[in-house]
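Welcome! Let us take a short walk through this structure, stopping at a few places along the way.

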Amino acid sequence: MRIGLVTEGGYPFLSSDAGPWCDRLVRGLGQHEFDVYALSRSRCQEDEGWVPLPSQVSGVRMAPLWTAEDDGVRYGRRARRRFADCYGELVAAICAEPPTGPAHAPEADRFSNALYGLADLARDEGGLVGALRSEGAVRALERACRAPGALRTARDARVPDLLTVAAHLESALRPLSLDWYDDAGLGSADLCHAASGGPAALPGLLAGHFFGVPLLVTEYGVRLRSHYLAHGGADPDAAPAARALLAAFHGRLAGEVYRRAACVTPGNAHARRWQERCGADRDKLRTVYPGMDASRFAEVGEAPDAADPGTLVWVGRIEPAKDLVSLLHAFAEVRKEEPGARLRIVGPAAGAEGEAYLAHCRALAAQLFPDEADGLHTVGDNPVSFEEIGGPELPTLADAYAAGAVVVLSSVVEGFPIGLVEAMFCARATVSTDAGAVVEVIGGTGLVVPPRNPRALAEACVALLRAPERRARLGAAARARALELFTVEQNVAAFHGIYLELVSRCPVNRVVLDDAGEPLPFGVPAEAHVPGRWTDSGGARVMARGGPGWATASPVRAAARAGTAPVPAREGAR
């Protein structure tokens with residue numbers, strides 16, 4: 001079958017968090033064809049290049065989400081009226097008080113109809129960029145904020161707030177203006193797989209709207225939750241009105257994505273609960289754990305434990321959410337019970353904020369643990385070290401986990417704890433804070449304590465440092481659990497089954513025409529949806545049925561697939 005894989009800031013870019021699991025999925029499903037539709041987040045990400053593409057990737061179409069040039073489209077009177085009506089309905093649905101009924105409440109339908117109305121307009125007129133940046137869009141937003149029944153915080157929106165929200169809407173709705181929605185693009189797919197929610201799912205929604213292509217949405221980190229964390233209470237300088245309106249928009253969009261998707265695959269029960277709260281139908285949810293390459297950690301996991309029995313290791317990207325401050329205070333308590341204990345903090349700083357946080361942690365470590373010396377004539381040494389992978393002592397990631405008897409995770413905010421799974425592959429006993437999916441992942445093979453509780457964290461670490469046999473039992477159980485649940489093989493097998501189920505349950509309805517333009521009986525045989533290439537072009541043409549009053553014709557996909565080499569193509573907004 002042919003899969004349209006839609007990503008945002010992920011695969012196939014080198015610098016991405018979601019890229020590795022998408023790459024492993026594509027390589028593991030060599031019997032299918034993949035067309036990748038990539039939304040980039042920055043010019044820097046584009047300039048860094050792509051990962052090597054396997055042969056089953058027939059092409060890549062890329063569009064920048066971080067910028068959009070003026071499309072030069074000038075609407076006529078009728079088009080301006082259509083835009084005013086659709087955009088007015090969209091922002092009215094955003095500004096209205098949230099519905100308390102089911103997902104198909106009137107306001108949800110209002111948002112949905114307006115969204116697809118804008119998509120139809122973009123397709124008919126060639127784009128929305130200029131219209132979304134117009135003064136009329138800001139005025140429509142202002143009217144919606146002042147209308148009866150609007151959110152109380154929205155009524156207090158001032159001009160700067162309106163401009164901020166309008167600019168954000170223009171950025172988020174850029175996928176509506178892309179030229180991906182034709183028979184050579186997403187219309188040729190048997191299934192659209194969005195690698196995240198939010199704007200990345202918009203092309204999948206439109207593929208379903210125009211062509212009836214079923215949509216599969218995978219979220220290893222719930223996009224709406226990420227928005228709340230980034231723009232909620234952590235951003236005190238943002239105006240309450242702007243925050244409320246942006247949260248309402250992303251909430252409506254998440255509800256629409258979950259409602260239209262044929263299947264939603266959260267990466268853990270924590271994400272699943274968020275999706276259910278946002279309106280996802282429980283019958284559509286299938287938990288699929290991320291697949292990770294266990295072979296990198298096999299040597300450490302299967303070898304006898306040769307680590308220093310008094311060393312704790314923390315591995316990850318250094319940022320405030322990891323709460324290394326609590327870890328350092330906990331280690332101060334550990335040193336009172338185990339004076340010979342050491343703490344190795346391994347990982348790079350995450351951006352400018354991470355650099356500042358790392359400097360703060362270094363200063364705190366120097367204050368809590370002055371350099372100690374064994375005698376009058378020896379050099380003092382701090383029991384806390386900050387290191388990065390790639391040096392002579394820790395050349396690989398597996399070596400970092402092998403350096404400690406106990407691996408510690410101290411986060412206050414966590415999605416799916418990848419570092420914890422890596423430690424489990426290495427057969428390490430772990431002490432973790434109860435954040436995100438930690439309890440679900442660890443499953444009784446490690447110790448879990450409340451976040452922001454240095455004393456509890458210290459007591460758990462001391463308990464494991466003093467019990468080598470218990471560490472060995474927990475480590476062996478952790479490795480067995482990780483190999484059972486979190487490998488690439490289980491991830492690929494799960495998605496392969498879901499692909500087949502969705503295509504068999506929701507086949508794309510295409511009408512095949514002969515050379516005379518007449519419908520060809522039995523032109524799409526049943527085996528067309530079975531993996532493999534069973535059809536022959538034979539001069540026939542396929543017509544994809546789209547929205548009301550719209551249809552296009554193109555050669556059958558078997559002819560379009562004649563070339564097998566990947567042909568990257570850069571695509572932007574119209």
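In which strand does glutamate 219 lie? It is strand β5, which covers residues 215-219. Please keep in mind as we go that this is a predicted model. Glutamate 219 has a relative accessible area of 2%, and because buried means under 20%, glutamate 219 counts as buried. Its surroundings can be listed: leaving aside neighbours within four places in sequence, glutamate 219 is in contact with Ser196, Gly197, Tyr258, Thr265, Pro266, Gly267, Ala271 and Gln275.

Our next stop is a glycine. Glycine 347 sits in the loop that runs between β8 (342-346) and α14 (351-368). Is glycine 347 buried or exposed? With a relative accessible area of 8%, glycine 347 is buried. Beyond its neighbours within four places in sequence, glycine 347 is in contact with Gly316, Ile318, Glu387 and Glu388. Valine 315 is 32 residues away from glycine 347 in sequence, yet their C-alpha atoms are 5.8 Å apart in space.

Finally, look at a pair of helices. Helix α16 (residues 418-425) packs with helix α19 (residues 468-485) at an angle of about 115°, and their axes are 7 Å apart. That angle makes α16 roughly perpendicular to α19, and the crossing is left-handed. On the α16 side, the contact is made by Val421, Met424 and Phe425; α19 brings Gly475, Ala478, Arg479, Arg481, Ala482 and Leu483. Sorted by class, this contact has 6 nonpolar, 1 polar and 2 charged residues.

Notes: Residues are numbered from 1 along each chain as its sequence is written. This is a predicted model: local features need pLDDT of at least 70, side-chain atom pairs count only at pLDDT 80 or more; totals for chains, interfaces and linings use all residues. Side-chain values use heavy atoms; hydrogens and water are left out. Helices (H or I, at least four residues) and strands (E, at least two) are DSSP runs, numbered from the N terminus. Buried means under 20% relative accessible area, exposed over 50%, partly exposed in between (1.4 Å probe, protein chains only). Contact means heavy atoms within 4.5 Å. Axes are lines fitted to C-alpha atoms, for helices over the stretch in contact, and angles run from 0 to 180 degrees between N-to-C directions. Angles under 35 degrees count as roughly parallel, over 145 as roughly antiparallel, 65 to 115 as roughly perpendicular and the rest as oblique. A crossing is left-handed if the near helix is turned anticlockwise from the far one by less than a right angle, and right-handed if clockwise. Ala, Val, Leu, Ile, Met, Phe, Trp, Tyr, Cys and Pro count as nonpolar, Asp, Glu, Lys and Arg as charged, and the others, Gly among them, as polar.
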